[in-house]
Amino acid sequence: MKVAVIADIHLPGKSTTVKEDIFQWALLEAKERNAGLIVGAGDLTASGEIAAAERIMAQLDSCGIPFILAPGNAELRSKDEAERVSQIMRTENQYGNVICVDSSRGKLTETSSVFLRECAASSSKNLLLITHCPVSDWEDSDREVLEKMISCGIVTMTVYGHKHIDISTPAMECIRGLDPDKASGGAPALVFFTQNADGSWSREDVICPLAEAKSFPEAARKEIWNSFGMSGMRTPVESLYFAAERKLPVFEIRFSGADDFPSAELLEAVDVWRKSGGKYLSLHMPDLKFDGETFTGMESLEAASRAAIKLGCNGVTLHVPRCFADELDTPGKICRAASVAAENIKLLFENNISVGVENLHTNEAERAEKRYKFGCTGVECMAFINALRALYPGKKIGLHLDIGHARNNMPFSSRETLSDWYADYGHEIVAMHIHQVNRTTVPWKNHTGFDHFYGMLISLSSLAMARKCGQIGKVPMILELRCPADETLAVLQKELLC
């Protein structure tokens, strides 16, 4: 028997993300490779929405291949919909020599624990066990039952997902799954397990060509590469010379607030960069702050606007106002904030400089108090953008999407994934910040580099897909890193200029 395993694709309620193309490809691939069974290893939905569950089941039903499903923790995220989603996605827990157990809560449910013991007491041999969470997370008693089943040949292969990486150990396989936002170590893959004549199981990974950037046509890969540049962060002059040497067409300078900004040294470095082929120069603006009553930071915005003109900037990056969401919770308040901002950056509009409004992210303190800053969601960002547009119609005002902020943004990031941002707001994007997030630190650390195109926490697969299919236009993409850019540029070059 050949079994196709679909894991961790995280489909949202909407059908417009690039993930939908991957899911449809996976079903077609399973057919073309004559799979006798499809197994879902959990997290087929992004957040347990009924609309997603119904769409998934309808497509599986129409595929013509038998299927069984193990739920994942994502199926439990929408508390009001979880029970109905469970009913919609419930299947048999065994098909031939393949069994599914429910570890969606990290450990086996009582029903699955009983089922596992029934299998252990049976005369079955060479079973393939599929679940979502790692066996190491299970209760000791259930883990011991499985270990005995493995030792006596009842189970010869255990497959799980959840971690979004590939891990191979004796008799156990973790698969990275099909999510182009998260699958790491390689492009999203559909995994086949085939039972051999001796009863053992062998694994074959089939990479989705839609999600593998190096499989794109050369013109598409070069278009993406030629949109990348970097931020000078704390060393703008040194970084400009580096960008000039590497012939990077995009560069961003941060406004320093110094009286002599931009200095003669900085202007000279900009000139060198431009002569090397530099095309798009951005200035990262200072913040407009609001404490619920008073705005501050207006003078700095005015000074930065003058500096942007002197530098010859094509665009600027402007954060949404720095305040809590409950301090800008009505259209009137948002319009007032936009009016204050617009008054102090009007020189930009008068000189036809593009204004990109950047999304923010939550932090540990906000999550603990459940009080979040304004601009962590797409809806809030677009409300501010549209208020600016109303004041300056016809000017280039849009979203500056920071993908690291969007990813390091719990609790919103489980419902507003990177693919959601691209699908919902891709046509609004005028520029982007690109950086990885290091989740090995507490708190998670933004502005780190990429050691892999399909990295841990953030994979660039969905970004490449969204660019290729036109969800995101040909906008500047700025590496905003607090580390040398060499490694990240090498990673991008390896995938895009292969």
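This is a predicted model: local features need pLDDT of at least 70, side-chain atom pairs count only at pLDDT 80 or more; totals for chains, interfaces and linings use all residues.

Q: Thanks! How many aromatic pairs are there in the whole structure?
A: A search finds seven. Rings of Phe, Tyr and Trp (its six-membered ring) pair if their centres lie within 6.5 Å; planes under 30 degrees apart are stacked, over 60 edge-to-face, and the rest tilted. One of the pairs is F453 with Y454, which is edge-to-face, at 5.1 Å centre to centre and 70 degrees between the planes.

Q: And are F453 and Y454 buried or exposed?
A: F453 is buried, at 5% relative accessibility, and Y454 is buried too, at 3%. Buried means under 20% relative accessible area, exposed over 50%, and partly exposed in between (1.4 Å probe, protein chains only).

Q: Which charge lies over the face of F324?
A: That's R371, at 3.9 Å from the ring centre. K2 lies over the face of F192, at 5.8 Å. The rule is that NZ of Lys or CZ of Arg is within 6 Å of the ring centre and within 35 degrees of the ring normal.

Q: Switching to helices: how do α2 and α3 pack?
A: Helix α2 (residues 50–63) and helix α3 (residues 82–89) pack at about 0 degrees, with axes 9 Å apart. They are therefore roughly parallel (angles under 35 degrees; over 145 is roughly antiparallel, 65 to 115 roughly perpendicular, the rest oblique).

Q: Which residues make that contact?
A: From α2, I50, A53, E54, I56 and M57; from α3, R84, V85, I88 and M89. Contact here means heavy atoms within 4.5 Å.

Q: Now the loops. Where is G232?
A: G232 lies in the loop between β12 (228–231) and α7 (236–245). At 2% relative accessibility, G232 is buried. Beyond its neighbours within four places in sequence, G232 is in contact with S239, F251 and E252.

Q: And D179, which residues does it contact?
A: Leaving aside neighbours within four places in sequence, D179 is in contact with D8, I9, H10, K19 and P188. D179 lies in the loop between β9 (172–174) and β10 (189–195), and is buried at 1% relative accessibility.

Conventions. Residues are numbered from 1 along each chain as its sequence is written. Side-chain values use heavy atoms; hydrogens and water are left out. Axes are lines fitted to C-alpha atoms, for helices over the stretch in contact, and angles run from 0 to 180 degrees between N-to-C directions. Helices (H or I, at least four residues) and strands (E, at least two) are DSSP runs, numbered from the N terminus.
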